[in-house]
Amino acid sequence: MKTELSAGQIEQYRTHGFLVIDDFLDADELAVWQQATDEAVEQRLASTKTLTNQKDPDTFYAQVFTQCLRLATTHPVMHELMYDPRLGEVAGTLAGVDGIRIWHDQALYKPPYGNPTGFHLDNPFWSFYSKDAISIWVALDDATIENGCLWYLPGTHKKATFEATPINENLGGIFKMYPEWRQLTAVAAPVAAGGVVFHNGLVAHAAGVNLTPRARRAMTCAYMPDGSTFNGQRNILTKAYFETLTVGDTLNNEDENPLIWRKK
Ligand SMILES: O=C(O)CCC(=O)C(=O)O
Ligand SMILES: [Fe+2]
């Protein structure tokens, strides 16, 4: 795992709100990630009826991606991969924070000839608000312009608010809230399998249509800076935990949001 970061990469991340790192995983690591994610997704699809976006495969959303959350809770190898403190260190160093907790992991498989992912911001959906939230997006297949790689509106993390932007079938639904962003030129982030993209939870991003007959697989994890506080939204928190929380409480439950790295 290529965990060293240059000053230039950190600067690039903070300026643009995203950073591509090629060859982050070596070939052996990539094979483990691919196998673990495929298995965890397959088990989840077989064992649950709660995967709402797959109930009716004819809907627009079912054809955006197969989305499986919190696979670390159901698959031991995925647990090991997600709790790796090296991931926390890279995320924490890019974000410039002292500690990193897992918000949620998530497999995102865009199906063959799948629909695009509309522009959105991530952090407004979560149960904490932070300008330093960060996600890793690990390419399990080559992510290309043809099969639905990520696209960013660079620098938008510096202007975005915590108000939720709708993700709807319109690629540019976000421009209703941020009309001035319509003039920006989106930047593609193609990355070969084993490479990753880190992005800020407030940077506007989308993914293209998959114009190939193969899936575009990605494994992702969203991170919460240690010390973040509850904003009243449930999102992925368990009902039992959610019901114990008051707005302003620090989200530091090790089962729900494990601390995977703290700055030495
Ligand atoms: O993989 C995709 O299509 C979208 C990914 C995304 O929105 C994210 O990782 O935050
Ligand atoms: Fe996103």
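Colleague: Which residues are found around ligand 1?
Modeller: This is a predicted model, and what follows should be read with that in mind. The shell around ligand 1 divides into five nonpolar, four polar and two charged residues. By name, the residues around ligand 1 are Phe65, Leu108, Lys110, Thr117, Asp122, Ser135, Trp137, His205, Ala207, Ala218 and Thr220.

Colleague: Which strands each supply at least two residues of the shell around ligand 1?
Modeller: The list of residues around ligand 1 includes Leu108 and Lys110 as well as Ser135 and Trp137, and it also includes His205 and Ala207 together with Ala218 and Thr220. The strands that each supply at least two residues of this shell are E3 (99–110), E5 (134–139), E9 (204–207) and E10 (216–225).

Colleague: How many residues of E10 are buried?
Modeller: In a regular strand the side chains alternate between the two faces of the sheet, so both sides have to be considered. On one side of E10 stand Arg216, Ala218, Thr220, Ala222 and Met224, on the other Arg217, Met219, Cys221, Tyr223 and Pro225, and all of them are buried. E10 is therefore largely enclosed by the rest of the structure, the count of its buried residues being ten of the ten.

Colleague: Over how many bridges does E5 pair with E10?
Modeller: Strands of a sheet pair through backbone hydrogen bonds, either parallel or antiparallel. E3 pairs with E10 in the antiparallel sense over ten bridges, with Arg101 opposite Met224 in E10. E5 also pairs with E10 in the antiparallel sense, and here Ser135 stands opposite Ala222. For E5 and E10 the number of bridges is six.

Colleague: Which residue of E8 stands opposite Trp137?
Modeller: E5 and E8 pair in the antiparallel sense over five bridges, while strand E1 (residues 18–21) and E8 pair in the antiparallel sense over four bridges, with Phe18 opposite His199. E8 (residues 196–200) is itself mostly covered, five of its five residues being buried: Val196, Phe198 and Asn200 point one way, and Val197 and His199 the other way. The residue of E8 opposite Trp137, which is also one of the residues around ligand 1, is Val197.

Colleague: Which residues does Val138 touch, leaving aside those up to four places away in sequence?
Modeller: The largest nonpolar core has 70 residues, and Val138 is among those that touch the most other members, together with Ala91, Ala189, Val196, Val197, Phe198 and Tyr223. Not counting residues up to four places away in sequence, Val138 touches Trp33, Val196, Ala218, Met219 and Thr220.

Colleague: Which strands stand at the edges of the open sheet?
Modeller: Four strands form this open sheet in the order E4-E9-E6-E7, with antiparallel pairing. Each edge strand has a single partner strand, so one side of each is left without a neighbour in the sheet; these strands are E4 (117–120) and E7 (187–189).

Colleague: Is Thr212 buried or partly exposed?
Modeller: Thr212 has its place in the loop between E9 and E10, where it touches Pro112, Glu146 and Asn147, not counting residues up to four places away in sequence. A residue counts as buried if 20 or more other C-beta atoms lie within 10 Å of its own, and as exposed if 12 or fewer do. Thr212 has 16 other C-beta atoms within 10 Å, and is therefore partly exposed.

How values were computed:
Residues numbered from 1 in each chain as written. Chains lettered and ligands numbered in written order. Predicted model: local features only at pLDDT ≥ 70, side-chain atom pairs only at ≥ 80, totals over all residues. Pairing = 2+ DSSP bridges. Near = placed C-beta within 6 Å. Nonpolar A, V, L, I, M, F, W, Y, C, P; charged D, E, K, R; others polar. Core = buried A, V, L, I, M, F, W, Y, C linked by C-beta atoms within 7 Å. Contact = placed C-beta atoms within 7 Å.
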